[in-house]
Amino acid sequence: MDKIIYMDNAATTKVSNEVLEEMFPFFQEYYCNPSAFYHFASEGKKAIDKAREQAAALIGAGSDEIYFTSGGTESDNWALKAVAKAYEKKGHHVITSKIEHHAILHTCHYLEENGYEVTYLDVDEYGMIRMEELEKAIRPDTILISVMAANNEIGTIEPIARIGKLAHEKGVLFHTDAVQAYGHIPMDVEAMNIDLLSASGHKFHGPKGVGILYVRKSVKLLPVIHGGAQEKNRRAGTYNVPGIVGFGRAAELAGQRIKKRMTKETELRDYLIKRVIDEIPYARLNGHRTDRLPGNAHFCFRFIEGESMLILLDQLGVCASSGSACASGALDPSHVLLAIGLPHELAHGSLRLTVSEDNSFEEINFVVNELKKIIERLRSMSPLYEDFLHQNQ
Ligand SMILES: *Cc1c(COP(=O)(O)O)cnc(C)c1O
């Protein structure tokens, strides 16, 4: 394969050069365990402090409210399991949405198996939760609301500030899985009344295997990973120093560039969406038209099997996805597409293209031109499409 056209930035992103450079010395030069006593360990310690400040600054948090984890999945697990346990005296009710990442949904299933009750909020056709429905779902025994900041499949941005305000009026804690939002769109834990927030390094040009959980100082936080005394006795395990350093630098860069990045990605995205919708018949844009992540385009094509489309794109070196990395390979259509009300047939023909500022208009032109041919070819082989054409003659 000569070259790769990477349009799967919601699955993971390329580590940027500045991030890699910052991480490098911590593999061989300052390889010490930062928890050690001797002076040699102080470089690692200082680097972690700095990264904690950088991670906090991006969301208006205090650096003492940032806990480093192994990534988004761990942060989501920690937030839900720890709050459930710490606030069990108040109640056993948790509210989330039907379109959360599996790191949230499967953790909620686990809570249900352990005596908790979970309300899964419906979403509208754009993938937005309805505030009235959330308000009605809140009960005296509700301890936590967990709603994602932005959806990883269809890119819809949830009304986080309004959810936070309502949660605080009702005295309920608010967690948001901000893995797709952190570093991509502005987030502020104070303005948005967020109590806990999950983010992951590899989703915004940082390294894999490192994330954060932001926890407001007033929230009781129990550990779920037991062992050493790291992270104020709340998250054991030897510090992943290069990873943490990389996370911090990626957060700092995101803070400096967020406006420029958003503008560039939005231009690319809007051009991509316009070409696909204008030029490919029976194509549907999923997610909200404007309240969506700058880099996200997500479509369904009638009479198309999503997997076949991905295979043919892959043969051209185009990295795309059907929606969620976890669902690809599985035969079930995505839970997100079913939640926005798509019928199974349509949900099966989905394509997610997620761009970064590294993509170009030339790449988009190539992908759309090829996609047109692919879809025409697949439809020409589809008996359903034949029937449809005959019926509509
Ligand atoms: C990727 C992702 C996660 C999981 O993060 P990892 O760091 O890969 O474990 C959780 N939630 C959302 C919304 C994601 O996109």
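This is a predicted model: local features need pLDDT of at least 70, side-chain atom pairs count only at pLDDT 80 or more; totals for chains, interfaces and linings use all residues.
A residue counts as exposed when its relative accessible area is over 50%, as buried when it is under 20%, and as partly exposed in between.

**Aromatic pairs**

The model holds 15 aromatic pairs. In one of them, the ring centres of Tyr 31 and Phe 40 are 5.4 Å apart and the planes meet at 80°, so this pair is edge-to-face; the cut-off for that class is over 60 degrees. Tyr 31 has a relative accessibility of 55% and therefore counts as exposed. Phe 40, at 36%, is partly exposed.

Tyr 282 and Phe 388 form another pair, with ring centres 5.0 Å apart and planes at 90°, so it too is edge-to-face. Tyr 282 belongs to the loop between helix H9 (241–279) and strand E9 (283–285), while Phe 388 is in helix H14 (residues 383–391), so the pair ties together parts that are 106 residues apart in sequence. Are these two residues buried or exposed, or partly exposed? Tyr 282 is partly exposed, with a relative accessible area of 35%. Phe 388 has a relative accessibility of 12% and so counts as buried.

**An aromatic cluster**

Which residues form one aromatic cluster? The members are Phe 68, Tyr 182, Phe 204 and Phe 247.

**Charges over rings**

| Charged residue | Ring | Distance from ring centre |
|---|---|---|
| Lys 220 | Tyr 87 | 4.8 Å |
| Arg 379 | Tyr 385 | 5.5 Å |

Note on methods:
Residues are numbered from 1 along each chain as its sequence is written. Side-chain values use heavy atoms; hydrogens and water are left out. Rings of Phe, Tyr and Trp (its six-membered ring) pair if their centres lie within 6.5 Å; planes under 30 degrees apart count as stacked, over 60 as edge-to-face and the rest as tilted. Buried means under 20% relative accessible area, exposed over 50%, partly exposed in between (1.4 Å probe, protein chains only). Helices (H or I, at least four residues) and strands (E, at least two) are DSSP runs, numbered from the N terminus. A charge sits over a ring if NZ of Lys or CZ of Arg is within 6 Å of the ring centre and within 35 degrees of the ring normal.
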